[in-house]
Amino acid sequence: MTNETANGNETDESSAVPVAAAPIRFDTRIAVLLRDDLEPWQRLNVTAFLVSGLGTELPEVVGERYEDADGTPYLPMFRQPVLVFEAAKETMTAAHGRALRRGLARAVFTSDLFATGNDRDNRAAVRAVPGDALDLVGLAVYGPRNAVDKVAKGARMHP
């Protein structure tokens, strides 16, 4: 038997542990594409930088704040999974073009950014290169699920 809590969640009457709800299916997708020749530390660094832009520009991707049982608050995180892919340089370039044509929200990380040490220099490095000549090592995209899937075509899930 279940009871409904004050916040609308159901709990098992015997334990007050929330009952598993039906899985949530999102009509949007967050995807990160990483070039397949990056070192492990670069993959992590690029991913962190790329997704940081999504939450600041797209508040709908961020969920509610977290809180543990002691009432200690934590920052909110994305409300949905982030899919991480890897791809060859050519696939990255093609994905970038598809993201632009579809008008999807996007963030880029170029190889030049490994040589800079701050946001000002990062922006200058990207600004110095025409879009079709960017040496992309990372791309984050957000938008309707099917459009993001088409952008990521040719990439494979990161191992």
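Predicted model: local features only at pLDDT ≥ 70, side-chain atom pairs only at ≥ 80, totals over all residues.
## Overall make-up

The chain holds four helices and nine strands. Read from the N terminus, the order of elements is β-β-β-α-β-β-β-α-β-α-β-α-β. The chain has 159 residues, and 33% of them are buried.

Contacts can also be sorted by sequence separation. Taking contacts between residues at least 6 apart in sequence, 68% link residues that are at least 24 apart.

## Helix α1

Helix α1 covers residues 40-57. With 18 residues, α1 spans 27 Å from its first C-alpha to its last, close to the 26 Å expected at 1.5 Å a residue. The buried residues in α1 are Gln 42, Arg 43, Val 46, Thr 47, Leu 50, Val 51 and Leu 54. These residues lie on the same side of α1, because they take up an arc of only 140° around the axis.

The buried residues of α1 are covered by elements that include β3 (28-35), β6 (82-87), β7 and β8 (136-144). On the face of α1 turned away from the buried side are the exposed residues Trp 41, Leu 44 and Thr 56.

## Helix α2

Helix α2 covers residues 89-102. Its 14 residues reach 20 Å from first C-alpha to last, close to the expected 20 Å at 1.5 Å a residue. Just after α2, Gly 103 adopts a positive phi of about 65°.

Within α2, the buried residues are Thr 91, Met 92, Ala 95, His 96, Gly 97, Arg 98 and Ala 99. Their cover includes the strands β3, β6, β7 and β8 as well as helix α4 (145-151). Strands β3, β6, β7 and β8 are also among the elements that cover the buried residues of α1.

## The largest pocket

The largest pocket has a volume of about 470 Å³. It is lined by 20 residues, of which Phe 49, Gly 53, Arg 106, Ala 107 and Val 108 are the closest to the pocket centre. The elements that each contribute two or more residues to this lining are α1, α2, β7 (105-110) and α3 (119-127).

Helix α1 provides the largest share of the lining, with seven residues. By residue type, the lining of the largest pocket consists of eleven nonpolar, five polar and four charged residues.

## Leu 139 in β8

Leu 139 lies in strand β8. Its relative accessible area is 0%, so Leu 139 counts as buried. Leaving aside neighbours within four places in sequence, Leu 139 is in contact with Ala 31, Val 32, Leu 33, Leu 50, Met 92, Ala 95, His 96, Arg 106, Ala 107 and Val 108.

Several of these partners have been named above. Leu 50 is one of the buried residues of α1, while Met 92, Ala 95 and His 96 are among the buried residues of α2. Arg 106, Ala 107 and Val 108 are among the lining residues closest to the centre of the largest pocket. Leu 139 and Val 51 are 88 residues apart along the chain, and their C-alpha atoms are separated by 9.3 Å.

Gly 63 sits in the loop between α1 and β4 (66-67). It is partly exposed, with a relative accessible area of 24%. Apart from neighbours within four places in sequence, Gly 63 contacts Pro 76, Met 77, Phe 78 and Arg 79. Gly 63 and Met 77 are 14 residues apart in sequence, and the distance between their C-alpha atoms is 5.8 Å.

Tyr 74 belongs to strand β5 (residues 73-74). Tyr 74 is partly exposed, with a relative accessible area of 41%. When neighbours within four places in sequence are left aside, the contacts of Tyr 74 are Arg 65, Tyr 66, Glu 67 and Asp 68. Tyr 74 and Glu 64 are ten residues apart in sequence, with their C-alpha atoms 9.6 Å apart in space.

How values were computed:
Residues numbered from 1 in each chain as written. Heavy atoms only, no water. 1 Å grid on protein atoms, 1.4 Å probe; cavity = no way out; pocket = protein on both sides within 12 Å on 5 of 7 lines; lining within 4 Å. Points joined across faces, edges and corners; volume = space filled by probe spheres on them. Nonpolar A, V, L, I, M, F, W, Y, C, P; charged D, E, K, R; others polar. Expected span 1.5 Å × (residues − 1). Buried < 20%, exposed > 50% of the residue type's maximum accessible area, 1.4 Å probe, protein only. Arc of directions from axis to C-beta. Contact = heavy atoms within 4.5 Å.
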